[in-house]
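Below is a short report on cores, a pocket and selected residues. Keep the coordinates open while reading.

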Amino acid sequence: MLVRRIARPMLAATFIYGGINTLRNPQSRVPGAAPIVEQITEIADKQLPVEVPRDVEQWVKINAGVHVGAGSLLALGRFPRFSALALATSLVPTTLAGHRFWEHEDPKERFGQTSNFIKNVGIMGGLLIAAVDTEGKPSVGWRAKRTAGVAAAAAEASYTKASKRAAKAQKRATKQAKKLTH
């Protein structure tokens, strides 16, 4: 559909542009990302059997790479559901790190950060819609249920047919046994 071909690149553009800028200058994002990376690594260290890197700049670069890669895929219409989900997932720490409006005392700064926070929440809504958009085709879940239903019906039909054949064979065997005993 034409709307998807136009809307996906429009939605992806901000991620591609922002990701490239961040890859060129990751240090500008490190101070805002540090508290989020710290929280994530603490939780991950408790949950995972391996140690998670604590280099904030590395995390910023990884997030920017996800934005550029998944944004490009979304813009091109390749793996659109997966790329939209990847962008939505990566937008959570980006928003929490970059738009901490609750920490600002200055009303103008607070308003700007609040606006950007809400903008990102809106973009996340668009990404979630894109992530579940099946383009009018049945979803994988629906296809799996349908295939399972068809397979179950076929198995049931085969079982019924085999049961009837077995019953007929049993009758013939009984008749043959009676003939042999007489």
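Thr14 is partly exposed, at a relative accessible area of 41%. The cut-offs are these: buried is under 20% relative accessible area, exposed is over 50%, and partly exposed lies in between (1.4 Å probe, protein chains only). Thr14 sits in helix α1. Its C-alpha atom is separated by 8.3 Å from that of Gly71, 57 residues apart along the chain.

This is a predicted model: local features need pLDDT of at least 70, side-chain atom pairs count only at pLDDT 80 or more, and totals for chains, interfaces and linings use all residues. Residues are numbered from 1 along each chain as its sequence is written, and side-chain values use heavy atoms, with hydrogens and water left out.

**Cores**

The largest nonpolar core has 13 residues. Such a core is a set of buried Ala, Val, Leu, Ile, Met, Phe, Trp, Tyr and Cys residues joined through side-chain atoms within 4.5 Å. Phe15, Leu74, Ala84, Leu87, Leu91, Ile123 and Leu127 touch the most other members. At least two residues each come from α1 (2–24), α3 (56–76), α4 (80–98) and α5 (107–132). The largest share, 5 residues, belongs to α5. Helices here are DSSP runs (H or I, at least four residues), numbered from the N terminus. Another core, of 6 residues, lies apart from this one, and includes Ala33, Ile36, Val37 and Ala97.

Ala84 is in contact (heavy atoms within 4.5 Å) with Leu74, Leu127, Ala130 and Ala131, leaving aside neighbours within four places in sequence.

**Pocket**

What is the volume of the largest pocket? It is about 790 Å³. The search runs on a 1 Å grid over the protein atoms alone; a pocket is an open set of points where a 1.4 Å probe fits, with protein on both sides within 12 Å along at least five of seven lines. Lining residues have an atom within 4 Å of a point. The volume is the space filled by probe spheres set on the points, which are joined across faces, edges and corners.

The lining has 32 residues, and Asn63, His67, Ser90, Pro93 and Thr94 lie nearest the centre. α1, α2 (30–47), α3, α4 and α5 each supply at least two of the lining residues. By class, the lining divides into 15 nonpolar, 15 polar and 2 charged. Ala, Val, Leu, Ile, Met, Phe, Trp, Tyr, Cys and Pro count as nonpolar, Asp, Glu, Lys and Arg as charged, and the others, Gly among them, as polar.

**Selected residues**

His67 belongs to helix α3. The side chains of His67 and Ser90 are joined by a polar contact of 2.9 Å. That term means a pair of N or O atoms within 3.5 Å; within protein, one must be able to donate a hydrogen and the other to accept it, and residues adjacent in sequence count only if both atoms are side-chain atoms. Beyond four places in sequence, the contacts of His67 include Phe15, Ile16, Leu87 and Leu91.

Asn120 lies in α5. Outside four places in sequence, Asn120 touches Leu91, Thr95 and His99.

| Residue | Relative accessible area | Class |
|---|---|---|
| Asn120 | 5% | buried |
| His67 | 7% | buried |
| Gly65 | 33% | partly exposed |
| Phe79 | 61% | exposed |

Phe79 is in the loop between α3 and α4. Its phi is near 45°, a positive value in a residue other than glycine. Most residues other than glycine have a negative phi.

Gly65, in helix α3, is 98 residues from Ser163 in sequence and 60 Å from it in space, C-alpha to C-alpha.
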